[in-house]
There are 2 protein chains.
Amino acid sequence: MTETADPLVLFMPSGKRGHFPVGTSVLEAARTLGVYVESVCGGRATCGRCQIEVQEGQFAKHGITSSNDHISPIGPKEERYDRVRGLPEGRRLSCSATIQGDLVVDVPQDTVVNAQVVRKAASDRVIERNPAVHLCYVEVDEPDMHKPLGDLDRMKVMLEKDWGYTDLQIEPYLLAQAQKILRKENFTVTAAIHRDSPTSRPTVIALWPGLHNEAYGIACDIGSTTIAMHLVSLLSGRIVASSGASNPQIRFGEDLMSRVSYVMMNPDGREAMTKAVRQAVSDLVDQVCASGGVARTDILDAVFVANPIMHHLFLGIDPTELGQAPFALAVSGAVSCKASDIELSLNPGARTYLLPCIAGHVGADAAGATLSEGPHRQDKMMLMVDVGTNAEIVLGNRERTVAASSPTGPAFEGAEISCGQRAAPGAIERVRIDAQTLEPRFKVIGVEQWSDEEGFAEAAEKTGITGICGSAIIEVVAEMYLSGVISADGVVDGAMAAKSPRILENGRTFSYLLHDGAQKITVTQNDVRAIQLAKAALYAGIKLLMEKLEVETVDTIRFAGAFGSFIDPKYAMVLGLIPDCELSDVKAVGNAAGTGALMALLNRDHRREIEDTVTRIEKIETALEPHFQQLFIDAMALPNKVDPFPKLACVVTLPERKVLAEGDGEGVGRRRRRSRE
Amino acid sequence: MTETADPLVLFMPSGKRGHFPVGTSVLEAARTLGVYVESVCGGRATCGRCQIEVQEGQFAKHGITSSNDHISPIGPKEERYDRVRGLPEGRRLSCSATIQGDLVVDVPQDTVVNAQVVRKAASDRVIERNPAVHLCYVEVDEPDMHKPLGDLDRMKVMLEKDWGYTDLQIEPYLLAQAQKILRKENFTVTAAIHRDSPTSRPTVIALWPGLHNEAYGIACDIGSTTIAMHLVSLLSGRIVASSGASNPQIRFGEDLMSRVSYVMMNPDGREAMTKAVRQAVSDLVDQVCASGGVARTDILDAVFVANPIMHHLFLGIDPTELGQAPFALAVSGAVSCKASDIELSLNPGARTYLLPCIAGHVGADAAGATLSEGPHRQDKMMLMVDVGTNAEIVLGNRERTVAASSPTGPAFEGAEISCGQRAAPGAIERVRIDAQTLEPRFKVIGVEQWSDEEGFAEAAEKTGITGICGSAIIEVVAEMYLSGVISADGVVDGAMAAKSPRILENGRTFSYLLHDGAQKITVTQNDVRAIQLAKAALYAGIKLLMEKLEVETVDTIRFAGAFGSFIDPKYAMVLGLIPDCELSDVKAVGNAAGTGALMALLNRDHRREIEDTVTRIEKIETALEPHFQQLFIDAMALPNKVDPFPKLACVVTLPERKVLAEGDGEGVGRRRRRSRE
């Protein structure tokens, strides 16, 4: 710093910097630079939301020597706040602290002002905040007969003067309450202002007497099977509570199409299902509120993602059109409305936002996952897969993004598998098969040891060994292939029966005995076929998108959803669910759709981002692509009849192709091609 | 028209003109010039709303020779319309007729397309139309799997393409209905789009299959005593039905302050009164719908005016604050909300608009009257008075406008008058007193003859002669003054008892016997005092505003409200209710507040006009003006102790001032001054 220049202030972690005259408040400097620092009280040092920390030391890279001597000493306002509410060591209120010299200022992401119950975040991602709802404290002039503006009109004057909001609307329900609220704390009031898009008018949606220092939102993923919800502080960005529940619509049908059928067959079906899902969401709100110690009336915003059918049922729209070509959505764009419009009881003025749907089979959940993983934000070619009854597939990069859904059916979820079951104690979740002996070892949910380890038998007595869950289905079929139990065409090799008693004959086909106990757990030829059909549908969909983008490989793969969290990418690739890729570039990202909802809740810019992205995503209807059938047939083979997996081959020794069925010329050709590689 | 120039087209009555290439449709030319020609079907020649008429002849002033030869001949589309719906002689559809040469085109204000029941307009004023709700017919693309936009999203595409609406919102209740509506008439649909202010997002508030060619609005004045409503076609501007009803809140208190007291005394008082007024409005909607043959669901917009207390009760706001200083309104600005927000059942997407209030005692009704009469639109100094229990007074011109209310009390309405009664058969409504004999003659409601005419006695037997209504109170007191029965100070001259048996002694004061029949109808000293107090309050309020604007005279006076319609301006001026003015410049304008509501309903620009005007009106609180007391005392005299009435004196011989009470120095001074004039 030279004698003549204004002090230089650098904000972390954003890295934004600028020169400001001595005496400028740190909050004002942050705002000037566009650094988001929360403030409800508008610089009165009462809300405590604008905390910052000075980093001491020499920052040679930035040419700054930062010190607590370069910020004004704690004044009476901060002292009062510290006395009343407590200011953590090292923290300052940026509205009161002024710049006295060069500073490196840290804007903490964890400012906790009230006694929130803080859970481990479901996502560790730090989302830059710019929520659609903003709390603004104002001191309103008292009524004056000489200037007979109404109470709310005088409040609007102050909201414009102190906070810059012009052309404010007032939620009608507040008209009847405003006078009492304003008079309760001597004409001081906190207004919650909702402004989503730049073209929507800012609206006062809630009012509290005096300083109100709490505002929450919910982010919710309504899946066919599970509904997951986060309760988040809009003021700090923290996840205060998370919860999940089964979708009660399961009683109307396990999968989506059976629910559409239910609507078509029952006159009150749509209404019953809408009521069920809304009630489930409401119950979850109760849970997260109880768990986070938050009042429902402090929830001001709610963001939802869902697959198209859940999206429609939640909005009260009959999903019948989605059950038949051309799979017309009633509405595909983002939906904004009041929470009360969808009978969701939060704060009476609370708003909701539903992310856009990409297509009739690629819903707002896929849009949420896209927002979360961001293929459109990077140069790499990213494949994103969300496996459920329908797999939703998004492929692309900054240049171009395509999406499709593929009818994988429920095999990956353990349905249609003879010994399949849900992931619960007793279910086999991991499988290895010795290629020499064909003896398996496995892990069971609820038991710490592998089946060949000491103590397994005792532990497994408690849980039983009851079936195979979705992730283990993938592993066992892959291991059967790697150990030669099944051929590349998925045929269980009867000749192996001579080698191992685990190969059982069932009439014309054979099966593999995974466990012989109270219950016999086998993998049948039909089970293998079911997995082949499912994975072929998924892979053919992916391949179609790759062909659209004219790429032969993908750079990175994201597995979204619960299924992705439990399967081993290696086995998924051995089976040929997904194309060849460095295994380290295949990541399970959990409930990416829910993370996308969270992003849209905490930052309205993300709403614009996904709305814009969705309009640019090209939708491929797999059923209409003439090439799909051939891709599907090729994908029936393990890992694939025509596509090489060179990167996988570096880590896993793939068996030589053997032909077990009738003469298979292509199989031979394929062997020839692979031998050239 | 020269050989080279494009034809010149002049639109009447707007006078807008421009040159257009041969072949341009007349509708397009109108739109280019900003001439409002309705069109629902968007130029498909099916709605018939865009009718125009060619005026034949030479229009030398404009340099145009207009002829039906200068417009394209009737083509197949118009022929089809004429066959199906019928096109009146001389009328053309401007969407189909093209410009072939110079034209003078008349845009008729009475285009009736459907069989509306048309009543005589309550106001003959032609209001230029630019309503907040617009019907737009579109042909939507069928769903396409390759471009999986939702049904509503494809509709929005066409509303942008055909009608220029961008960034459209959809009313949430339509989400569930849209697919059925779109499929009913093969993806053709009529959307009602609401856009009030330029900063509000346009919103689709209603949808119908195919072409929907009807849209109505209501304009309603909620008075303390009476509620008046018009049902208006938003497509033609015609008043289709009008109706009125008593305000059922009367059972909670005759005047406004007693209703505020009711709220303060009864826990459910506010709710009961809100319910009562909303029910009354709803009943009136039933009446006008039945009378006009219109379905409630075709009502899409509703505009209300009301005094501040009715305004608050109608919105569900507790009016207690309005009952005590500083008379704080909860909201003074215009209120926009859904009709359903105030429990008004019209079309589910219908909107409402309440005009702004000017001050705690000068309501949206005064704003409506201001909009109607437009002091702010002219150079002349206009005084507008709406007399009720409170008189609302607006004074001003283009430069500056001031407003006040004055507590006249109920005397002008016949209350507090010994023989006062409501205007009903049997009530005396006109009075003349012979200055020589002091004999009266009068007219009775329900009887054609004056009391001194042949046949009166027989006719009056049917009605009886039961009392004096509000307008006659003014006349009888004025006539008593002109005939010398009372002095300028309002004292009934006991000396006159010698001259006429009509002067009766009542202890220390005297009264005038107006009619001696089954009922004795007299005007007592107390009655005169009550009128004096009321008119003094009004006049002092007016005078205060004149002093604020530093004017000594007003150019024109508008009497709004029922009272104004019945009183004779001459007598009002003789009594000194209103300042001196040319009698021809004093006009009764009926329910000007209701007319203002009508204007705001038919043209949203008028909403902006009154919102802007109200912010610029300076409000004077009479109670806070130290000078008010003196002005009030001066105004107790007839017509006034200090103010001259030179224009009135040209038409009426005002009596010399006589002093009847104890020594009155000022009275003497006044006489001296007047003799100098």
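**Figure 1. B:V431 sits in a strand of chain B.** A strand here is a DSSP run (E) of at least two residues, and strands are numbered from the N terminus. The model shown is predicted. B:V431 belongs to strand 21 of chain B, which covers residues 427-433. Is B:V431 buried or exposed? A residue counts as buried if 20 or more other C-beta atoms lie within 10 Å of its own. B:V431 has 25 C-beta neighbours inside 10 Å, so it counts as buried. Which residues is B:V431 in contact with, leaving aside its neighbours within four places in sequence? They are B:P440, B:F442, B:A472, B:E475, B:V476, B:E479 and B:L514. Take B:E479: it is 48 residues from B:V431 in sequence. In space, the two C-alpha atoms are 7.5 Å apart.

**Figure 2. Chain A in outline, with 19 helices and 29 strands.** Chain A has 677 residues, and 52% of them count as buried. The C-alpha trace of chain A spans about 100 × 65 × 55 Å along its principal axes. Now look at contacts in chain A with a separation of 6 or more. Residues 24 or more positions apart account for 68% of them.

**Figure 3. The contact between chain A and chain B.** Chain A puts 39 residues into this contact, and chain B puts in 40 residues. Which elements of chain A give two or more residues to the side that touches chain B? They are helix 3 (151-163), helix 4 (172-175) and helix 5 (178-184). Helix 3 of chain A gives the most, with 3 residues. By type, the residues on this side of chain A are 21 nonpolar, 9 polar and 9 charged.

**Figure 4. Chain A superposed on chain B by a rotation of 180°.** The shift along the rotation axis is 0.1 Å, and the RMSD is 0.2 Å. That is the relation of a two-fold axis. The same surface serves both copies. Of the contact residues of chain A, 100% recur in chain B.

**Figure 5. Helix 1 of chain B and its buried face.** This helix covers residues 26-33. Its buried residues are B:V26, B:L27, B:A29 and B:A30. Seen down the helix axis, these buried residues fall within an arc of 160°, so they line one face of helix 1 of chain B. An α-helix has 3.6 residues a turn, so residues three or four places apart point the same way. What do the buried residues of helix 1 of chain B pack against? Their partners in chain B are strand 1 (8-12), strand 2 (17-19), strand 3 (51-54) and strand 7 (103-106). B:G34 follows the helix, with a positive phi near 80°.

**Figure 6. Strand 1 of chain A pairs with strand 2 and with strand 7.** Strand 1 (residues 8-12) and strand 2 (residues 17-19) of chain A run antiparallel, joined by 3 bridges. A:V9 stands opposite A:G18 in strand 2 of chain A. The two strands form a hairpin, with 4 residues between them. In that turn, A:G15 has a positive phi of about 80°. Strand 7 of chain A (residues 103-106) pairs with strand 1 of chain A in the parallel sense, over 4 bridges. Here A:L10 has A:V104 as its bridge partner.

**Figure 7. An open sheet of 4 strands in chain B.** The strand order is 8-10-11-9, and the pairing is mixed. Strand 8 (133-139) and strand 9 (169-170) of chain B stand at the edges. Each has a single partner strand, so one side of each is left without a neighbour in the sheet. Strand 10 (residues 188-194) and strand 11 (residues 203-209) of chain B pair in the antiparallel sense over 6 bridges. B:V189 has B:P209, in strand 11 of chain B, as its bridge partner. Helix 3 of chain B (residues 151-163) lies across strand 8, strand 9 and strand 10 of chain B. This helix runs at about 105° to strand 8 of chain B.

**Figure 8. Helix 8 of chain A, largely enclosed by the rest of the structure.** Helix 8 of chain A covers residues 308-315. Why is helix 8 of chain A said to be largely enclosed? Because 8 of its 8 residues are buried. They are A:P308, A:I309, A:M310, A:H311, A:H312, A:L313, A:F314 and A:L315. Just after helix 8 of chain A comes A:G316, with a positive phi of about 85°.

Definitions and conventions:
Residues are numbered from 1 along each chain as its sequence is written. Chains are lettered from A and ligands numbered from 1 in the order in which they are written. This is a predicted model: local features need pLDDT of at least 70, side-chain atom pairs count only at pLDDT 80 or more; totals for chains, interfaces and linings use all residues. Two residues are in contact if their C-beta atoms, placed from the backbone, lie within 7 Å. Ala, Val, Leu, Ile, Met, Phe, Trp, Tyr, Cys and Pro count as nonpolar, Asp, Glu, Lys and Arg as charged, and the others, Gly among them, as polar. Copies are superposed by least squares on the C-alpha atoms of residues with pLDDT of at least 70 in both. A residue is buried if 20 or more other C-beta atoms lie within 10 Å of its own, exposed if 12 or fewer, and partly exposed in between; C-beta atoms are placed from the backbone. The arc is that of the directions from the helix axis to the C-beta atoms. Two strands pair if DSSP finds at least two bridges between them. Axes are lines fitted to C-alpha atoms, for helices over the stretch in contact, and angles run from 0 to 180 degrees between N-to-C directions.
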